[in-house]
Amino acid sequence: MYHIKSDRRSQHTAEAISRGLLECLREKPLNAITISDIHRITGISRATFYRLFDTVEDVLDWLCAQMPPEEHQKLLAGEQGSPTRVFTRMLELGLENHDLLKALVDNGRYDLVYRYAEQRFRLMSSLYPGSLPELDEAAYDYTVSAMAMNMVATLVTWVRRGRIDPPEAVAKHSRQYMKLMATLMEEPEDIS
C-alpha cells in the first residue's frame, strides 16, 4: 500500500521514487529490484521510502493511480459524439504512459492494467451516458469487465509488438476483434 499525503513534499518525493523505479526497471525485472536500488538512483533513504510505500510494487500501483479521472475528463472533452473516438482517445492515454505500461507488462502486473482500464471505462460511461446502451446492473458489470480485459489484451499486445503501432492502428485492430466477437456471439437465426 502507499501512504502519500497531499502535501507538495510527499508528492515530490513519491514522484522521485517512481522515476527511480522506472529507471531500475530498464535494467532488471521488478522482482529483482530492491529499495537499495531505488536509493542508489534517487538518494532517498529507506525510512523515507517506507513512510510513503510498503513495497516496491506499491510504487507501480501509485503510478497507475496518478492519471486522475479529472485529467481524463479534460482530455476526453468534446469526444462524446463518437464512442469510437472516445475509445481511441482512452487508448491513446494508455499508450502515452508507455514506460509504465511496459514495466507493468514486462513484470506480469496485468491486474494493475485491468484496474486502471476498468476505472476508466466506468468513468467514460458516466461521462458519456450514450457510450453504452441501456444495460441492467449485471450486464453493465460484465460489459465494463469485458471492455477492460480487451483493453488489457490490446495494451499487452502493443508492448509485446515493440510499441511500433500508432494509436489509430491499435484502435482499429481492437475494434476488429470486438466485431469478430460480436459475430461469434450472434444467435443463429431460427430456421423453422
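Colleague: F53 and W62, buried or exposed?
Modeller: Both F53 and W62 are buried (under 20% relative accessible area with a 1.4 Å probe, protein chains only; over 50% is exposed, and in between is partly exposed). This is a predicted model, where local features need pLDDT of at least 70 and side-chain atom pairs count only at pLDDT 80 or more, while totals for chains, interfaces and linings use all residues. Residues are numbered from 1 along each chain, and side-chain values use heavy atoms, without hydrogens and water.

Colleague: How many aromatic pairs are there?
Modeller: Three. Rings of Phe, Tyr and Trp (its six-membered ring) pair if their centres lie within 6.5 Å; planes under 30 degrees apart are stacked, over 60 edge-to-face, the rest tilted. F49 and Y50 are edge-to-face, at 5.6 Å centre to centre and 90 degrees between the planes.

Colleague: What about F53 and W62 as a pair?
Modeller: Their ring centres are 6.2 Å apart and the planes are at 75 degrees, so that pair is edge-to-face.

Colleague: Which residues do the ring pairs link into a cluster?
Modeller: F49, Y50, F53 and W62.

Colleague: Why does F49 count as buried?
Modeller: Because its relative accessibility is 1%. Y50 has 41%, so Y50 counts as partly exposed.

Colleague: New topic. Which residues line the largest cavity?
Modeller: M90, G94, V113, Y116, A117, R120, M151 and L155. On a 1 Å grid over the protein atoms alone, a cavity is a set of points where a 1.4 Å probe fits but cannot get out, and lining residues have an atom within 4 Å of a point.

Definitions and conventions. 1 Å grid on protein atoms, 1.4 Å probe; cavity = no way out; pocket = protein on both sides within 12 Å on 5 of 7 lines; lining within 4 Å.
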